[in-house]
Amino acid sequence: MWLYCHFPQLLLDSLLRAQPEFEKQAVALYQVQNGQSLIEQSNQVAQQAGVSQGIASVMAIALCEDLKLKEYSVAKEERLLCGVADHLYQWAAKLVLEPPQGIYVELDSLEKLYGGLSNTAKTLHLAVKQLGVRSQLAVTNNALAAKVLAEADAPLTMNDEKTCHQLKGLSIKSSGLPDKVVRDSLSAGIFSIGDLLDIPVSDIGRQLGKEALFYIQELKGELKTQRASDFYQPSERFFQHVDLVSEVSNWQGLRFPMKRLLNELESFLYQRQKVVQHIKFQLYQRDKSCSEVRVATASPSWRAQSFWSLLQLKMEQAPLSAPVLEVSLQASDFSSLSVKKSHFFHDAKDTQGLFPLIGKLQVKLGENAVYTPAVSDDPRPGINEYKQPPCRFGGFSVKPVKRPLWLNHPERVNLDEWSLSNGPERKRCGWWDNQPIERDYWIATDSKHRKGWLFYESGQWYLQGWFS
Amino acid sequence: MMAFAELHALSHYSFLRSAAAPEELVCRAEKLGYSAIAITDECSVAGVVKAYEEAKQRDIKLIIGSEFHITDYGTFVVLAPTREAYAELSQKITEFRGRSKKGSYQANIEDFFTGFSDCFLLWLPDFQQSQLVAVGKKLCHVWHSRFWLLYERHYQADDSETFNAIVELNKVLKARVVCAGGVRMATKQQQPLFDTMSAIREGHSLYENSGVASGNAERHLRSLQELKQCYPAAWLNESSNIANHCHFCLSELRYEYPAELTPKGLSATAYLRQLTEDGARRRYPTGIPASVKAQYEKELKLIQEMQYEAFFLTIYDLVQFANSQGILYQGRGSAANSVVCFCLGITAVNPSQIEVLFERFISKERNEPPDIDVDFEHERREEIIQYIYKKYTRKRAALAATVITYRFKSAFRDVGKTLGFSEQQLQFYSQNLDTRDKEDSWQQQLMQQHPNVFGSKKGQLLLLLVEQLKGAPRHLSQHVGGFVIASDEVARLVPVENASMPERTVIQWDKTDLETLGLLKVDVLALGMLTALRKMLALVNEKGTNNGKSLTLANIPQEDQTVYKQLHQADSMGIFQIESRAQMTMLPRLKPKTFYDLVIQIAIVRPGPIQGDMVHPYLRRRDGLENVNYPSEEVQSVLKRTLGVPIFQEQVIKLAMVAAGFTGGEADQLRRAMASWGKRGQLTHFEHKLIKGMRERGYTQDFAERLFRQICGFGQYGFPESHSASFANLAYASAWFKTHYPAAFYVGLLNSLPMGFYSASQLVQDGQRHNVEFLPADINKSNWDYEWLSQEPNVVRIGLRQIKSLSEVRIKESLKHRPEAGFKGLKDLENAGLNKFDIQALAKADALRSVLGHRYQAHWESLSERDSQMPLFAQVSDCPARQLPAPQEVEDIKADYETQGLSLRRHPVTLLRAHSKELSRCVVAKELTDCRSGQVLSVAGLVTCRQRPGTSSGVTFFTLEDETGNINVVVWAHTARQFRQAYLTSKLLWVKGVVEIKSGVVHVIAGRLKDLTSLLTIERIENRRFH
């Protein structure tokens, strides 16, 4: 027996779960196909305004001015499906993923555990409900039939006769057959799966081809598939990603989604009886590359609360540097739950390496105090030299420039004490943000033969940095 | 005083590499006191004509050149000091462009070691090149005294290294050094636009990658003082020295017409006269009227004076070819003002039909070559194009370019992305904008709708930069049909590059550039109605129905009142130029009774006259509801034919002539100034002259000012009478066919689709309402085209061309092998050359009924012929196929629309009416005329047209089609907002509203809308509904 769970709007539902305040607003996901932006998923409020799957995004906006649009991603939905599978793994070991929106659950091996088929189905139904996303379920002794029924949102039944009747009544468009087979069937007056089942198999094979033939044979139980050997194996690494419906400019707005991610991590760790000491949030920000928030506990833990309290401290340290559009949480390097706890800094022979040291320094000194210097292509000194997260090397390609390695806060100087040697290097840019500059830079030598980098701005000379 | 010439400047015709228009560069350079400026766009001279026009009005020399980049070797700036050098440069650009696909070029270092014998070369080396000295020595050797090292300084960190490197290199090469600006902006203030263009080109936002922005604004035209501080004096002076050796001017590009245009022994003038007189005798077999003779003598004199003979002879040659091939054509536009064109057979507007005004076409003051546009049948235009290529060869003929520029939408999107806005945000902001709104600019609308966004710095930048980017060139495209023909290679006149279409090449100049330089351009345009008319003529002549006489466009009986009476009923679907909703609304009011009425009908239903409030006064006067007063006989002579309301451009010109004493040419200049007064501001001069002239002729100051204001308002939208008359000829001809030979009319149109306003379905239904019976497409009875089977009754067989996805070539070939008794089975069809796709398409369209039965059966059986047939089933393919139930009527109708876009069965609305209470209570289209104005009712139909004209103040016009005809529905903005979903997405719309009947025209003003599209998705009329 098979249970098939279909999650028709997994990505959208997850998004709204992370920001439930948007449930009452019109929200939809779009996907660009062949150069056209089309609606892929929409919530109820959006659907009531006429925003349905397949319509153009432009039309959707015209129908619903307040519509919030986010881009759909198959990859993100598939990741979420793995998260769903991890959750269901607590109740069933034999899961087969049908990305991006479906999961098969093999029920025969669970009947003894849950006391019969009906109880098994109920238990799993409740487990699915806990996820808080829309789901459609079907139970039959044929995996394909279960999938087709679930995707068509047929009422759940364990009665074989009813199941058969439902299946036969479904439109051929719901069958999951390739588009060409569906089109050919409709053009021949075959409208339902029942109509197809009435046709002799030889006719199906000859007229509609082998895909249709195999489909019917599988549906009839005459063909075994590989499905039974493709059981899901939970990942050893935790990675979950949340798209935000609307950008968030302050930590307050991120509390809920980040807490939710920590709860999912807790669930993940608990299932595996693992603990972890270092986790990393990534904040995908507008107008900037993504920033990281690392949290390291004094000792490995599996509880969300352990990380949450440290995270809150970090939130208090500095405001967000730019609005956040997406958040992810990742963790690896797990250890078993039975590992002894070790105290922070108490072990003088702490040889965990650079990475944990940086984490500790960041928590103690503040995240902004620990960075790796790097250079970007921005022509403005000061902005050009930016601080990137520690241990993150590489990034932008940089043209060689003549400038000091270390820049100061500009300090006023008396030009009489300097001898200009090379310049000017004229900087007039930054009109697009709030950091324009208009300066002429010179390389100059002072009375002690030190080489400095001076600039002239608004009638005054300044020292920007020293050459080594 | 220091003399300086900027020798390396790019304009925005280098496509996103410069922020400056060529005119801006010339103007600014003159203001700064430069002695000369070289426009050196990248592998292009696309911008030089605009620069030339500007330079003509200023005291600065323009030098023509181009820059080329060769990786690892640097930038090569080539200047053209002489005509021969220019030809060389142009040919080289052609060669480099020809090596690459459209929009790019390929130049190699070897290209600069040979092939340039007259140009100058300025080399900006890439100092990373290890073979620098060797390359430099070779260039010195080849170019000798025409070679310079180029130094440019933009205040970068490596300036001193570059300077030293140039000096060191020059010690070895002993060449001269010159400096230049490497200019990309006319002024520093253009830096934001320049950076934005760079970001667009690189595909980055300025926030993601600020490195695309320039570090400073030094690539602008600098003052002489700034240049002195930047460069050594000797290098500055060298620029002037080079400029002094450059003498080439674009005015040297005189048009030399192809020698094969005139017979031996005859000059172009004599030949043109001969052809005109011969043509006049043909046009007026009973004797050439004196006025016509006087007119063509006047025209020939001016043509000779301006040396325009070749333009007429070239077009004459083309239309003669068209005649010889039986291709219909018609000259249009201002050329229809020319009697010479009429005599040559280029245009069909008889001077007696309208008031011709030659000055609208050519005048001394205009000093532009004639612009003669000729429409050819759209299906056969390619033959004309191939004739041109064959006669003149591809080296001597090429298409003119069209410059695709940034419009609001593309500018808004591209600038928005560089400023970090997402695509969705930009769509959201722009979707509610009305860029045609005359009261609120688009900037004001955005500020009102999204004050937080557009009040911020980023939002303000978006508003500013979009406005600046609008109008900037994006890329070159090929003109629809404008050809340049030269006596010698076109590439010696202007570079030629690959177009997107295979076997097409395009020059780097557009129509305006060609007019500026006086080069010959021939417009070979396509018109679907000409194709349709030829087919209608052929059909009628085949049937021998015109009393045995061969019917041509020229001998269609004129002024047939039966034809006009049909038009009074707005029965104009399919008729050229008067078939739109707006025209159909006007026809019952204007009630044309003569050819000239048609000329007015075509001109008056346009945004211009509507906005200029010319339409209502004209209609009131026509209905005798308003008196017409003229201030003088002269004014009356001009405006009488349009009841005192100026409608045509020619009337404006004539008014200026008769009322204010303008010459014809001056008056045409006035008209052109009015059309572009927003740009040039020349109206002040004309206003003074006009008013003064009128006062001298006794008109009051008040009248003169009022007339001037009226002319000003009118000048922007007035329509050429000659153009309207050309079109009226075709409108009348098509209307005549519809009245007298409706089957030929519909067959001609249907066999010429796509064209016109209406779909095949709408035309077929209109035909049925005109008692034409249509028979379905069938492989055993149809040909590729629609066929007129019989006249009484009128019966038409739908052609196989109506079926989607059919191969015309294979079908036509297979029909040659159709047995007398018809195809009997699948094998017959395959043997005739049809493949499985054709057979399945025919089956789905129910065109195999006579072979395999109904469409389900036919399609089912055709599926066995598949390439991927499984081996087991291949052996059993000869077994009799299963018999499938026939489709229900609703399934047939749905499939008909899907496969052919039309159905001969019952109209879907008829079928659905039986199953829907709402539909059953609706009034049908043909019953609306029996209702009274003000009556409340409901109507419903398929939405076939949704139109929101810019003049409509937010009103949308819907056309709904039911089984009896079409319903005009008016939806005001507030109704649209209230029923937004139905308004935007309905395919089957129900409307409750109020009937409005004016002058026999019926509209329903919508109060409520309801979307009934879901009824159309029924696949079977049964209890259960499928997805």
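**Strand pairing and the A–B interface**

User: How do you know that strand 18 (residues 936-947) and strand 19 (residues 956-962) of chain B pair?

Analyst: Two strands (DSSP E runs of at least two residues, numbered from the N terminus) count as paired if DSSP finds at least two bridges between them. Strands 18 and 19 of chain B have five bridges, in the antiparallel sense, so they qualify as a pair. One bridge joins L942(B) to E961(B).

This is a predicted model, where local features need pLDDT of at least 70 and side-chain atom pairs 80 or more, while totals for chains, interfaces and linings use all residues. Residues are numbered from 1 along each chain, chains are lettered from A and ligands numbered from 1 as written, and side-chain values use heavy atoms without hydrogens or water.

User: Which strands form the closed barrel in chain B?

Analyst: The order is 18-19-20-22-21, with mixed pairing.

User: Why is R980(B) with E65(A) called a salt bridge?

Analyst: The term needs a side-chain nitrogen of Lys or Arg within 4 Å of a carboxyl oxygen of Asp or Glu. The closest N and O atoms of R980(B) and E65(A) are 3.5 Å apart, so the pair meets that cut-off. The count between chains A and B is two salt bridges.

User: What makes residues of chain A and chain B count as in contact?

Analyst: Contact means heavy atoms within 4.5 Å. By that test, 61 residues of chain A touch 63 residues of chain B.

How values were computed:
Helices (H or I, at least four residues) and strands (E, at least two) are DSSP runs, numbered from the N terminus.
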